[in-house]
Amino acid sequence: MKWSLLELNKYKDNPLEFSETLDLKASLMKRDNLILDVSPINVTGILTVGKEEYLIHYRIDVIVTVPSSRSLTPVPLRMSIDVDEVFMTQEQYQKKDDRLPEEEIILLEKPMIDLDESVEDNILLAIPIQVLTEEEMTSSEMPKGNDWEVLSEEAYLEKRETEAQQTMDPRLAKLSELFSENADGDDD
């Protein structure tokens, strides 16, 4: 869904309300190769045309299927994302006052606001790094196979500490024998 800035000028007095169902599956899967599936995206919101900016507030409701970060099993993620964005043209940006932080402003390269691009960006940003299936969340068991296993950080540190205590450098073992002989000789 795209709006030209000329078209939006007629909404200076009354905000533009929108409710759309977008099919961005192909473009999202192209942008992130870990995405396995994307449901139709429901977007509802409001666009306000100000003197100095274009304000958009909308909500995204979508189900994105991605692989589990542990077992690669497909996991459907139900996401509801609230988005607030400020768009400005180059001219508006140069005239702006300092009430808006610069990192929150999206500069328009064309005289058009592209909602599809904004929705895609916000969905990609909302996908968590760690995704687990229901079973993986409730189970403390980590996956393992022939000659490999996944360990938690705590288990790894504990295992390293145990191995360090069990394995001693042979040169240090002879040195410790020397000390134990000296200790026995001192008792005489």
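**Figure 1. Elements around the largest pocket.** Strand S6 (74–88), strand S7 (105–107), strand S8 (112–114) and helix H4 (115–126) each contribute at least two residues to the lining of the largest pocket. Helices (H or I, at least four residues) and strands (E, at least two) are DSSP runs, numbered from the N terminus. The model is predicted: local features need pLDDT of at least 70 and side-chain atom pairs count only at pLDDT 80 or more, while totals for chains, interfaces and linings use all residues. Residues are numbered from 1 along each chain as its sequence is written, and side-chain values use heavy atoms, with hydrogens and water left out. H4 gives the most to this lining, with five residues.

**Figure 2. Volume and lining of the largest pocket.** The volume of the largest pocket is about 380 Å³. Of its 15 lining residues, Phe87, Ile106, Leu108, Asp114 and Glu117 are the closest to the centre. A pocket is an open set of points on a 1 Å grid over the protein atoms alone where a 1.4 Å probe fits, with protein on both sides within 12 Å along at least five of seven lines; lining residues have an atom within 4 Å of a point. Grid points are joined across faces, edges and corners, and the volume is the space filled by probe spheres set on the points. By class, the lining has six nonpolar, two polar and seven charged residues. Ala, Val, Leu, Ile, Met, Phe, Trp, Tyr, Cys and Pro count as nonpolar, Asp, Glu, Lys and Arg as charged, and the others, Gly among them, as polar.

**Figure 3. The second largest pocket.** This pocket has a volume of about 190 Å³. Its lining includes Asp32, Leu34, Val66, Pro67, Ser68 and Ser69, and also Leu72, Ile127, Pro128, Ile129 and Val131. Eight of the lining residues are nonpolar, two are polar and one is charged.

**Figure 4. Salt bridge between Lys25 and Asp37.** The two side chains meet in a salt bridge at 2.9 Å, N to O (a side-chain nitrogen of Lys or Arg within 4 Å of a carboxyl oxygen of Asp or Glu). Lys25 lies in helix H2 (residues 25–31) and Asp37 in strand S3 (residues 37–38), so the pair ties together parts that are 12 residues apart in sequence. Lys25 is partly exposed, with a relative accessible area of 33%, and Asp37 is also partly exposed, at 32%. Buried means under 20% relative accessible area, exposed over 50%, and partly exposed in between (1.4 Å probe, protein chains only). By the salt-bridge rule the count comes to five.

Figure 5. The side chains of Arg31 and Glu120 meet in a salt bridge (2.9 Å, N to O). Arg31 belongs to helix H2 and Glu120 to helix H4, so this pair ties together parts that are 89 residues apart in sequence. Arg31 is partly exposed at 44% relative accessibility, whereas Glu120 is buried at 9%. In a further salt bridge, Asp82 meets Arg59 (3.0 Å, N to O). Asp82 lies in strand S6 and Arg59 in strand S5 (residues 54–67), so the pair ties together parts that are 23 residues apart in sequence. Arg59 is partly exposed, at 33% relative accessibility. Salt bridges that share partners join Arg31, Glu120 and Asp121 into one network.
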